[in-house]
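Work through the exercises below with the sequence and coordinates open. Each task is followed by a solution in steps.

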Amino acid sequence: MKRNTAILRGVASVMALFTMLSMTATTLTFTYAGIINSYLNINTTKIIQPDNADGVIEAAYDNEYGTDSSNNQAALLLELDVASENIAQAEEGTVLLTNHNNVLPLSENAGVTLFGNGAFHSVGISSKTPFEAIVPATLTSALQDTLGVERVNAVLGEQVYAELGTTSGTEIVEGDIAKVKENESTWQNNCNDAAIVVLSRAGGESSDAAMTTAEGRHYLALSSQEEALMIYLKEQKDAGIFDSIIVLINSEQAMELGWLDTYSVDACLVIGRPGATGYTGVVNILTGAANPSGRLVDTYASDSMSAPATIFAGENTQSWANLDWVEKNDSDYGTDGSENNWIVYAEGIYVGYKYYETRYEDTVTDQGNASGTVGSSTGNAWNYSDEVNFTFGDGISYTTFDQTLDQVKYNAESDAYELEVTVTNTGEVAGRDVVQIYAQTPYGDYEKENHVEKSAIQFVGMGKTGDLKPGESEKITVTVERYFLASYDTDGAKGYILSEGDYYLALGNSAHDALNNVLSAKGYSKESGMDYDGNAALTYTWNQAQLDTDSYRYSEENGTEITNQFDFADLNYYGIDFTYLSRNDWEGTYPAMISVEMSEEMLKDMVADWYDSSDYATGEEYTFGADNGISFADLYYTDYDDEETWNAFLDQLTIEEMLTLLSDNDGFEAINSVGMPGMNRTDDNIGIGSLTCTGTDALTWVSEVTTSRTWNTERFSERGRLLGIEAVFCDANEIWYGGGNIHRTAFGGRNNQYYAEDGNYGYLVGAYEAEAMQNVGVIYCIKHFALNDQETGRNGISTFTNEQALREIYLRSFEGAFRKGGAMSVMTAFNRIGCVPNNADSALLNNVLRGEWGFKGHITSDGYSSLAYKNHFAEFLVTGQDYYCMDAGMFGSSIGKLIDQGDTAIITALRRAAKNNLYVDSRSIAVNGLTNGSIVITVVPGWQKAILIATAVFAAGFIGCVIAGGITMFSKRKDKQEEEG
């Protein structure tokens, strides 16, 4: 009997343990059911049409592959086209920087040897593809497919690099030169037409690239092992072993490349991150199957730390001088240190080429102490050729082109300049050319007095030819918005101005080339200090007689006045005397480190705990759960401003149903009462990140910057369109996609996701991508809004800047996606603008986004986590946040508790958020196949059923053991009593 009792107790203990584990698993998995279903590609809603259905929205959004996500054949055709598009984007996005002695393209019978850890462990390469028919490409496989296995020596991949892994954002991984030399017999007599070296650099989410390495070198310079490799290869070339040295830059962090000539490098290409199939495109460039036509969208400085933006960035992010006081007085201060960081964009508008090119002009014209030593990387007088290896727009071809500026017309109806350019292929092979248009606007006494800074040259427009045969010409018309010529005047007009004075529009093969053309038109030459003479015939100039403060005073979308909104973003707002970099005095205003203490006023703005229901009470009473006969499908035909219909629809929802729309779980749950199916969302910039297509991983794209470097609006659109269709085949109707932040420095962790270093360029990329994606029924959610230009300290960091820089660069890069592309979704960021959290920044979300830009859509947070400063849900909701990303219910439950406690004022904001969320989803693929009478049924996935059954079985077993134990104990007691009786 004792043995049976022990067994029973043991079984009961096991059952109790499994019941507890099963219940815990149930709680966790059911909380994140949406995310799990996304990964498993499970649709949890079923739509049933009534027998008498009419007005079915058959194909509001369609594409050539259809919209049936279960059609594997269509999905295969889609992914084959995506693979092909990636190859094309890699071809057009690869930038040829040097090609001495025309060593490229490689000859048909060339033999090559691969060097560098990056050749075998590339950053941003993927082996994941959705179908066996799509074969991922490595550099080795792509070269072997083209040249033949016997002509590609990849021995170092096994002998030296096999166990090394991939370069990270902090550690440059490279092989031991001694081990490399041990294998030199393999290339002494074969595969020595070219040594191909791949150098990799990386950054990532939550991790900027390091500014310095453990060995004390710049991360973007050569490491000691890479330097040893280049010295060795030069020796081999000098000894006649290798005919040429070719370097591939596998990085979106702009490397320092001043060493190319030192080590006799013949050709250098920027290839970025190739994704799953991009290396095929890179090899097509190397072998001449494609002609390079990519252009840089970043400045490649000789010294990566010479950009003034690096003074306050990355590793130079600052802590408050009175951090102990902050920790004691800030109720949000967490153990993660999320409140202790700040930076200031001390460089103002002088980011990337706008700094180097403007200082170059001022050196030539002897203005503003530009030739002083402050900011010089050499310690001598500042000199452009010492500071810049390659500038924005640089890139060459295997052929040559001639461009002529035929005419310039101003179109008053479109408020744009139209530049007609003739491009002629003057070389010997076919190729494509890029037409780059830049502007210079006046910088006079008014601008100096009112602190309106002007870049000497700024990108304003582009075009790209088709494939031109030798001797063939093509006329390109480039449209330049006059708005791009306006400057934001923070102190004087407190709005956009068109300055008095001379304006220039210029053609150029880069920002520097265009500036030299402008300087030539202004009468300067090489004798004046220019590095080469420009061509004045490639410029168009006119004079504006007086200052214009009216043209862009009011929003063209809705008439909202455009004026200062971000005074609080400036350190000066808090009484701290701070001067931003000015071309009026380069030496006197060049950024220098300062110490800042957080003040009581700053702290008040830092902590978003100001919500008081009495401030938001309208006295309006709302109806819930009404039967007004309006379904989700009807919203497809309902204008955003049709308040009568929207109010009638919202009256049908219960508070609980509206609350479900506040917390994202990779989508929204279905609302059966109004026929709304469940919604799915996904991530990211290089492919469908959190969903699976047809049961396997979706194709990884080339990096966003590789697409940008194509300088081809058709490529921008095709990326947006095909990514959207991939989402359709993953049953998703929104992608957190589009990188509106800036490459403020070369070290930004997400530089591979963000478009470029220039705001106007980002404006155009986002406009084309957003429009194309939304045309196929998938919502474009651009991120991270705004000033999330670094990853270091991104949780809660206070980001200070002036309004001119904020408007002309950092907001401009987002603006095109909304105003031109019609993007209906945006993701905020973890940082602050000034001291104000982005999620509670009414100036950003309401005054500019919904006000000046006329945005009609929904706003999400960045991925939710439980950090204290992200938990001010009421403040965020009333400010304009419509849902929380990757939130399993905190946002909705917190607002629900307020309502349960009698807060009726918050319901107004809740209804607004519900409207915005439903409006967006009704403009997506989710409406296809719906009608007014559609019935939505929630389907419980098999994995949930299995967990529930398992929990029930374990619980029943435990209860059974308890009952059996009780019976046993009762029997033992009865037997004992009988024995004693």
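Predicted model: local features only at pLDDT ≥ 70, side-chain atom pairs only at ≥ 80, totals over all residues.

**Exercise 1. The chain as a whole**

Task: State how many helices and strands the protein chain has, and what share of its residues is buried.

Solution. Start with secondary structure: the protein chain holds 28 helices and 31 strands. Next take the accessibility: of the 981 residues, 61% are buried. Finally look at sequence separation: among contacts between residues at least 6 apart in sequence, 78% join residues at least 24 apart.

**Exercise 2. Helix 3 against helix 8**

Task: Classify the relative orientation of helix 3 and helix 8, and list the residues in their contact.

Solution. Two numbers are needed, because a pair of packed helices is described by the angle between the axes and the distance between them. For helix 3 (residues 72-93) and helix 8 (residues 278-287), the angle is about 45 degrees and the axes are 7 Å apart. An angle between 35 and 65 degrees is neither roughly parallel nor roughly perpendicular, so helix 3 and helix 8 are oblique to each other. The crossing of helix 3 past helix 8 is right-handed.

Now the residues. Helix 3 contributes Asn86, Ile87, Ala90 and Glu91, while helix 8 contributes Gly278, Thr280, Gly281, Val282, Asn284 and Ile285. Sorted by class, this contact of helix 3 with helix 8 comprises four nonpolar, five polar and one charged residues.

**Exercise 3. The surroundings of Glu92**

Task: Decide whether Glu92 is buried or exposed, and find the partner of its side-chain polar contact.

Solution. Glu92 belongs to helix 3. Its relative accessible area is 6%; the cut-off for buried is under 20%, so Glu92 is buried. Leaving out residues up to four places away in sequence, Glu92 touches Ser293, Gly294, Arg432, Lys464, Arg709, Thr710, Asn712 and Arg715. From this list, Arg715 is the partner: a polar contact of 3.0 Å joins its side chain to that of Glu92.

**Exercise 4. Helix 23 and its neighbours**

Task: Determine how many residues of helix 23 are buried, and describe how helix 22 packs on helix 23.

Solution. Helix 23 spans residues 812-819, and eight of its eight residues are buried. These are Arg812, Ser813, Phe814, Glu815, Gly816, Ala817, Phe818 and Arg819. They pack against several elements, among them strand 18 (495-497), helix 21 (759-775) and helix 24 (842-852).

Helix 22 (803-810) is also one of these elements. The angle between helix 22 and helix 23 is about 50 degrees, with axes 5 Å apart, and the two are therefore oblique. Leu806, Arg807, Glu808, Ile809 and Tyr810 of helix 22 meet Arg812, Ser813 and Phe814 of helix 23. By class, the contact of helix 22 with helix 23 has four nonpolar, one polar and three charged residues.

**Exercise 5. Backbone exceptions**

Task: Which residue pair is joined by a cis peptide bond with omega of about -5 degrees, and where does Cys191 lie?

Solution. The reference case comes first: most peptide bonds are trans, and most residues other than glycine have a negative phi. Lys783 and His784 are joined by a cis bond with omega of about -5 degrees, and His784 is in strand 25. Another cis bond joins Phe785 and Ala786, with omega of about 0 degrees; Ala786 lies in the loop between strand 25 and strand 26.

For phi, Cys191 has a positive value of about 50 degrees. Cys191 lies in the loop between helix 6 and strand 5 and, at 14% relative accessibility, counts as buried. Ser206 has a positive phi near 70 degrees. The loop between strand 5 and helix 7 holds Ser206, which at 47% counts as partly exposed.

Notes
Residues numbered from 1 in each chain as written. Heavy atoms only, no water. Buried < 20%, exposed > 50% of the residue type's maximum accessible area, 1.4 Å probe, protein only. Helix = DSSP H or I, 4+ residues; strand = E, 2+ residues; numbered from the N terminus. Contact = heavy atoms within 4.5 Å. Axes fitted to C-alpha atoms, helices over the stretch in contact; angles between N-to-C directions. Parallel < 35°, antiparallel > 145°, perpendicular 65-115°, else oblique. Left-handed = near helix turned anticlockwise from the far one by under 90°. Nonpolar A, V, L, I, M, F, W, Y, C, P; charged D, E, K, R; others polar. Polar contact = N/O pair within 3.5 Å; in protein donor to acceptor, adjacent residues only side chain to side chain.
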